[in-house]
Amino acid sequence: MADTPDIPTNPFQAYVPSREDPFGARRLGHVLRRCAFGADPQWLDRFNGKTPRDVIDWLLDYKTDTDEPFTGRLIPGLNFPFKSGRDVQNWWTYRMLESPRPFQERIALFWHGHFATAISKVEQAMPMHAQIELFRRGGLGNFRELLIAVGRDPAMLIWLDGRFNHKGKPNENYGREVMELFTLGIGHYTEQDVKQLARAFTGWELRNGEAHFNAQSFDSGDKTIFGQTGNFNDTSAVDLILSQPEAPRFIAWKLLREFVHPHPETAHINYYAARLTYNQWELKPVMRELLSSRLFFSDYAYRARIKSPADICIGGVRAVGGTASADFVTRSMSEMGQTLCNPPTVKGWDGDQNWINANTVLLRFNFGLAMATQRSSKGGDEAFAEKVNLFDHLTSLNLRTAEQIINHFAGLLHDDQLGDDVRQRLLDYMNKGQNPKVKQFVFDPPSVNSKVRGIIHLMMAMPEYQLC
């Protein structure tokens with residue numbers, strides 16, 4: 001196993017490109033993979049020759065008071081209000097594939113895994129959809145405000161039984177998980193804290209699918225939590241939780257694990273915990289600092305994580321081109337172990353090495369084949385609504401030779417990091433013509449359908465492609 005690259009000196013300083021460490025295909029591919037599920041040709045062209053700040057600004061500076069270009073748009077066969085969990089899943093998949101604001105979907109997926117809620121218990125499509133909308137709107141906002149909103153969210157009130165948490169009959173589920181899974185981690189609270197905190201969250205119930213505060217159901221007596229006594233409610237209880245020294249450390253650890261390295265260093269956790277506190281839990285400035293850092297752009301972080309099924313599927317579609325069937329992509333992610341709106345436990349998805357096993361690695365390779373052939377694995381069903389076919393797509397990009405085509409997909413799928421020996425083998429494969437008498441790749445529809453699709457499949461089956 002290869003040694004882990006060294007952590008850069010001055011890791012919290014902004015990354016400044018240099019002749020020795022330019023902001024080229026490798027670094028651009030890294031930031032798009034971590035923050036946008038992967039690159040597409042238009043994005044690579046757009047940011048060619050630009051600075052890291054240009055990319056980070058584009059990723060983070062989106063407006064949440066408008067939902068353009070999705071306002072009023074639905075995918076074929078999907079009607080609003082949504083009737084099933086699959087409707088919600090497919091709508092979200094469609095947005096991941098099509099959104100010009102990819103980090104909005106990326107951060108929403110992060111919070112969905114953090115505040116893991118499942119349609120299997122919620123059983124209603126619209127509350128699940130509303131929760132994802134909450135993460136989409138507030139995912140880069142203030143964590144305190146997001147945490148308060150999550151506690152009052154209808155899907156969460158169903159998922160962790162908050163709707164049954166009443167004065168005299170406290171339900172401890174949310175009070176426990178808000179500390180164990182959402183803010184502090186195991187070992188940083190007592191059972192007495194759980195019991196008292198549950199009382200602070202009483203009073204919230206559902207009426208016609210909407211959260212409603214019932215003052216008569218709220219326990220207005222004094223509670224003692226973390227050694228402090230007062231008439232705490234859900235808002236003051238959140239403030240009390242976030243005042244614990246472990247709270248910013250826990251959130252910093254989750255952010256670092258997701259966006260930098262699966263095993264964050266203590267010094268890194270402590271630094272970004274302090275930045276969360278300094279910024280009064282505003283997430284956007286902390287994320288801007290993190291994503292602009294030498295740490296984020298270092299070899300230590302580069303391809304340090306195993307791609308999630310969302311990374312594999314959304315990134316793969318973007319790279320190959322065409323328009324994917326949202327249902328096909330949703331189903332593919334689920335088969336690989338990531339069912340949107342239905343995480344396996346209250347902890348969400350474990351991720352990283354847990355994404356890979358003997359079954360899922362084959363499915364990941366087979367998705368590459370489905371991408372390459374533009375067919376799904378389910379009985380030859382169309383996996384794509386072909387806005388353009390591959391031959392026309394390559395023609396429009398003025399890519400005609402074997403070398404040009406290999407370079408194109410090497411840039412999209414491998415940050416232009418293929419070794420010379422691998423490139424030569426791919427070139428030999430391309431130039432071995434359909435006709436044994438032909439010793440050079442011929443740019444025509446039959447050759448493209450055979451050879452180029454084969455190249456895409458081979459590149460997506462390489463071990464390096466499985467890393468984010």
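This is a predicted model: local features need pLDDT of at least 70, side-chain atom pairs count only at pLDDT 80 or more; totals for chains, interfaces and linings use all residues.
**Cysteines**

My cut-off was a pair of cysteine sulfur atoms within 2.5 Å. Cys35 is in no disulfide, and I find its nearest cysteine sulfur, on Cys468, 8.8 Å away. Looking from the other end, I see that Cys468 is in no disulfide either, with the sulfur of Cys35 as the nearest one at 8.8 Å.

Are these two cysteines buried or exposed? I note Cys35 as buried, because its relative accessibility is 0%. Cys468 also goes down as buried, because its relative accessibility is 1%.

Next I looked at strands β1 and β2. I have β1 at residues 204-207 and β2 at residues 210-213, running antiparallel and joined by 4 bridges. Which residue of β2 stands opposite Leu206? I find Ala211 there.

**Helix α8**

My last stop was helix α8, residues 143-151. Which of its residues are buried? I wrote down Phe143, Leu146, Leu147, Ile148, Val150 and Gly151.

I then checked how the helix begins. Asn142 caps the N-terminal end of α8. I find a side-chain oxygen of Asn142 lying 2.9 Å from the backbone nitrogen of Arg144.

Definitions and conventions
Residues are numbered from 1 along each chain as its sequence is written. Side-chain values use heavy atoms; hydrogens and water are left out. Buried means under 20% relative accessible area, exposed over 50%, partly exposed in between (1.4 Å probe, protein chains only). Two strands pair if DSSP finds at least two bridges between them. Helices (H or I, at least four residues) and strands (E, at least two) are DSSP runs, numbered from the N terminus. A polar contact is a pair of N or O atoms within 3.5 Å; within protein, one must be able to donate a hydrogen and the other to accept it, and residues adjacent in sequence count only if both atoms are side-chain atoms.
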